[in-house]
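Please look through the model below before reading on. The points after it are meant to be checked against the structure, one at a time.

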Amino acid sequence: MLIVSYSVLQMDTKLKGDIAEQAAVLHALKRGWGVLKPFGDRLPYDLAFDVEGTLIKIQVKYAWLDEPSGNYVVDNRRTKTNRRLMLREAYKISDFDFALVYIEKLDLFYVFPVDVFIDYGSEVHLVEAEKRQRKPRSAQYREAWELILQASVAKESCVRSPVQLGEAGF
């Protein structure tokens, strides 16, 4: 009987993405949030969290270790694949509310608001080693799950109360 561990296997990007998504689901469920998963890959977000009745669109990314720099890296562009062609395109601010960047080896997430995430160039570098005197810009988003909770409260306060039948001129 041959037993092979996943660390020995070369994981493709789809598997890495699935692992990151499942980790995001677990973290959300532990916080008491509902999780919705869209069908297919056509939407610009991977999940939606139901946070106290407010839906928050989530894009999930898997960060890889860049050996020479010692940093974890994630591409902050959308990748569309067609049988032979891989197209990268920038996300728009309306595509999702938060990007969750997963570092599997450390089982942790960076929680980036969409505007911050798309403001980076084509890649986001996450520094986990204590090799700098000054913390990188990304450090404030390390395990910053409270940003999602704050956004749900802000979204909720922008939603108007439902209109009763007859009040809207029907």
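The notes that follow cover the sheets, the nonpolar cores and the aromatic pairs.

1. Basis. This is a predicted model, in which local features need pLDDT of at least 70 and side-chain atom pairs count only at pLDDT 80 or more, while totals for chains, interfaces and linings use all residues. Residues are numbered from 1 along each chain as its sequence is written, and side-chain values use heavy atoms, with hydrogens and water left out.

2. The mixed sheet. Helices (H or I, at least four residues) and strands (E, at least two) are DSSP runs numbered from the N terminus, and two strands pair if DSSP finds at least two bridges between them. An open sheet is made of 5 strands in the order E1-E2-E3-E8-E9, with mixed pairing. On average, neighbouring strands are turned by 30° against each other, direction ignored. Axes here are lines fitted to C-alpha atoms, for helices over the stretch in contact, and angles run from 0 to 180 degrees between N-to-C directions.

3. Inside that sheet. E3 and E8 run parallel and are joined by 5 bridges; Lys61 has Val101 in E8 as its bridge partner. H1 packs on the sheet and touches E1, E2, E3, E8 and E9, where contact means heavy atoms within 4.5 Å. The direction of H1 makes about 140° with that of E3.

4. The largest nonpolar core. Such a core is a set of buried Ala, Val, Leu, Ile, Met, Phe, Trp, Tyr and Cys residues joined through side-chain atoms within 4.5 Å; buried means under 20% relative accessible area, exposed over 50%, and partly exposed in between (1.4 Å probe, protein chains only). The largest core has 22 residues, and Phe49, Ile58, Leu100, Trp145 and Ile148 touch the most other members. Two or more residues come from each of helix H1 (13-30), strand E2 (47-51), strand E3 (54-62), strand E8 (98-103) and strand E9 (108-113). H1 gives the most, with 5 residues.

5. Leaving aside residues up to four places away in sequence, Ile148 touches Trp33, Phe49, Val51, Ile56, Ile58, Phe98, Leu100 and Val111. Another core, of 18 residues, lies apart from the largest one and has Ala63, Tyr91, Ile103 and Leu126 among its members.

6. The antiparallel sheet. A second open sheet has 3 strands in the order E4-E5-E10, with antiparallel pairing. E4 and E10 are the edge strands, each pairing on one side only. Neighbouring strands in this sheet are turned by 40° against each other on average, direction ignored.

7. Strand E5. How many of the residues of strand E5 are buried? The count is 5 of the 5 (residues 71-75), so E5 is largely enclosed by the rest of the structure. Asn71, Val73 and Asp75 cover one side and Tyr72 and Val74 the other, and all are buried.

8. Partners of E5. Strand E4 (residues 64-66) runs antiparallel to E5 and is joined to it by 3 bridges. Trp64 has Val73 as its bridge partner, and Asp66 stands opposite Asn71. The two strands form a hairpin with 4 residues between them, and Gly70 in the turn has a positive phi of about 80°. E5 also pairs with strand E10 (residues 123-126) in the antiparallel sense over 4 bridges, where Val74 has Val124 as its partner.

9. Aromatic pairs. Rings of Phe, Tyr and Trp (its six-membered ring) pair if their centres lie within 6.5 Å; planes under 30 degrees apart count as stacked, over 60 as edge-to-face and the rest as tilted. The whole structure holds 11 aromatic pairs. Trp33 and Trp145 form a tilted pair, 6.3 Å centre to centre with 55° between the planes. Trp33 lies in the loop between H1 and E1 and Trp145 in the loop between E10 and helix H3 (146-158), so the pair ties together parts that are 112 residues apart in sequence. Both Trp33 and Trp145 are buried.

10. Tyr91 and Phe96. Their ring centres are 5.0 Å apart and their planes at 85°, so the pair is edge-to-face. Tyr91 counts as buried at 8% relative accessibility, and Phe96 is buried with a relative accessible area of 1%. Tyr91 and Phe96 belong to one aromatic cluster with Tyr110, Phe112, Phe117, Tyr120 and Tyr141.
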